[in-house]
Amino acid sequence: MENQLAKSTEERTFQYQDSLPSLPVPSLEESLKKYLESVKPFANEEEYKKTEAIVQKFQNGIGKKLQQKLLERAKEKRNWLEDWWLNVAYLDVRIPSQLHVNFGGPASHIEHYWPPKEGTQLERGSISLWHILNYWQLLRKEKLPVHKVGNTPLDMNQFRMLFSTCKVPGITRDSVINYFRTESEGHCPSHIAVMCRGRVFVFDVMHEGCLMTPPEILRQLTYIQKKCHSEPDGPGVAALTSEERTRWAKAREYLINLNPENLTMLEKIQSSLLVYCLDDGSPHVTPEDYSQVAAKVLTGDPTVRWGDKSYNLISFSNGVFGCNCDHAPYDAMVIVSISYYVDQKIFESEGRWTGSDKVRDIPLPEELVFTVDEKVLNDINQAKAQYFKQASDLQLLVYAFTSFGKKLTKKKKLHPDTFVQLALQLAYYRLHGRPGCCYETAMTRYFYHGRTETVRSCTVEAVRWCQSMQDPSTSLFEQQHRMLEAFAKHNKMMKDCSTGKGFDRHLLGLSLIAKEECLPVPELFTDPLFSRSGGGGNFVLSTSLIGYLRVQGVVVPMVHNGYGFFYHIRDDRFIVACTAWKSCPETDAEKLVQQTFRAFGDMMQLMDIARL
């Protein structure tokens, strides 16, 4: 009886959604003041004065009118930014999203019970899938705990987008289709898609109302792999998802017109819980160096993953895992949550299945055989060629810094995330001799359907500190003082951004209102300093903290002369995933990582000097 009572008062995953506050519109004056401060590191006195005048003119003129319109929009929508952000950041973008927008990461199972070992791919895959499917059932039953900061619940809407979600290409704008339903909402798809050697299979993971067990899943995976290894490869239709968006939309239309059955098959992939990718690769990996597996996850075989799926689980032949996810429907914390859950379950069970080995009489997987012709095969070849060309241009490193981690930074009363951000600022400054405009993700999930805001980590305080570190005449006490000022500034910005007081999304909203009203683009957005300081997605450092768990991720740079820099922080180490384009002569991911590690040591030394 007590148990029953406990269950009935249990929180449900989505129960607070209706009571979350609306996303606020910051004050125009405050946002413009913060914006002016953020451009300072990139301007000389004359340029700054010019931008100051532009901002003043905007504030007293067109900015007022746009702010008024934005406030009106916010009265009608609980999140005034949501649709705009989805379209501008993801769905309107025409570059190939599989490489340029998707994020991915290697799983950390290799650090405990699942080190690389040939011949373990399918057995481990069946266990991994089983844990993932249990997580899906927790979501369906709304038993996944609500994320909170203290006692404040955070928005959980993005978790609806993890399963049975897919982006569909359009000629000018893509769309996101989500088939997921909770149990109380009704029917939800329960099949997964499996890709192997250019072929696609689907099978239902429920049988007679029960979830399949790992031995049953193993039977299905073994059937698929044997078939693919003993018969010719498939056409690799999945590679089309790696193409430029409009080209993929046209190729998809052609495929559907060729045979309406092709649409039925596309819809089976779109609605599948996830795509399980059987990859023949066998990437090298150690707890200190994840570079090769991360590269395979982000830029591996395009014929065995569906670039538009919200969740591709990639399984390599040496029993190593990773995932590749479309960024449009959700942000990284969703995949971090499930990846951590699965890693913990594998750790707790020592990577084994201890239940029954009995396999019920389950229907065999169904193969989706697309009707293709010469044109489709040419489209696939073209997609693969452009994908491999771009993939080969990416320099990608994932290294662990193991001298210390969160424990020591906390002991010195330094925020671990800010510690990494400032180390990166110093590394970039030393490497390039100038400040680097930087995007760090802040989450805005305190608000209804909140996603992210930009923390611009390259502050006046950070630059002053970097300059002092390069000036031999500056005393250690002065360097320490400047560093702590930079810490305080960054911590305050992160707090502001998370509580709806950032300015980047606000400025985006004002520019989009102007566009919707068919007004000329305000001078504020055409001023060279706007893009030089990172505005309009021009940040040379694209960064994000993946969290404090055993989960890592990686993305490509935002701009050609920039870096992607994702990191996660543990008690005893920092793991950094850095990317750059090889075709850019001025960037070098290896050098940036080494400089960041050097900066970690220098910062700790500064904290070791006695305080004044």
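How do the residues of the lining of the second largest pocket divide into nonpolar, polar and charged? Six are nonpolar, four polar and ten charged. Here Ala, Val, Leu, Ile, Met, Phe, Trp, Tyr, Cys and Pro count as nonpolar, Asp, Glu, Lys and Arg as charged, and the others, Gly among them, as polar.

**Before you click**

This is a predicted model, in which local features need pLDDT of at least 70, side-chain atom pairs count only at pLDDT 80 or more, and totals for chains, interfaces and linings use all residues. Residues are numbered from 1 along each chain as its sequence is written, and side-chain values use heavy atoms, with hydrogens and water left out.

**Stop 1: the second largest pocket**

Select Lys34, Glu37, Lys489, Met493 and Asp496. Of the 20 lining residues, these are the closest to the centre of the second largest pocket. Its volume is about 330 Å³. On a 1 Å grid over the protein atoms alone, a pocket is an open set of points with protein on both sides within 12 Å along at least five of seven lines; a cavity is a set where a 1.4 Å probe fits but cannot get out; lining residues have an atom within 4 Å of a point. Points are joined across faces, edges and corners, and a volume is the space filled by probe spheres set on them.

Now colour helix 2 (28-39), strand 16 (452-456), helix 16 (460-469) and helix 17 (476-498). Each supplies at least two residues of this pocket's lining. Helices (H or I, at least four residues) and strands (E, at least two) are DSSP runs, numbered from the N terminus.

**Stop 2: salt bridges**

Stay on lysine 489. It forms a salt bridge with glutamate 37, with the closest N and O atoms 2.3 Å apart. Lysine 489 is in helix 17 and glutamate 37 in helix 2, 452 residues apart. The term means a side-chain nitrogen of Lys or Arg within 4 Å of a carboxyl oxygen of Asp or Glu. The whole structure has 41 salt bridges.

Next, select lysine 148 and glutamate 11. Their closest N and O atoms are 2.6 Å apart, in a salt bridge. Lysine 148 lies in strand 2 (residues 148-149) and glutamate 11 in the loop between helix 1 (2-8) and helix 2, so this pair ties together parts 137 residues apart in sequence. Lysine 148 is partly exposed at 34% relative accessibility, and glutamate 11 is partly exposed at 31%. Buried means under 20% relative accessible area, exposed over 50%, partly exposed in between (1.4 Å probe, protein chains only).

Then show Arg94, Asp174, Arg245 and Asp308. A network of salt bridges links them.

**Stop 3: the largest cavity**

Select Gly105, Ala107, Cys323, Ser339 and Val551. Of 27 lining residues, these lie nearest the centre of the largest cavity. About 240 Å³ of space lies inside. Helix 12 (332-348) gives the most to the lining, with six residues. The lining divides into 16 nonpolar, nine polar and two charged residues. Domain 1 (28-78 + 402-610) and domain 2 (102-143 + 156-392) each give at least three residues; these bounds come from an automatic or database domain assignment.

**Stop 4: the second largest cavity**

Finish at Leu23, Trp80, Glu453, Gly500 and Arg505. They lie nearest the centre of the second largest cavity, which is lined by 14 residues. Its volume is about 100 Å³. Strand 16 and helix 18 (504-516) give two or more residues to this lining.
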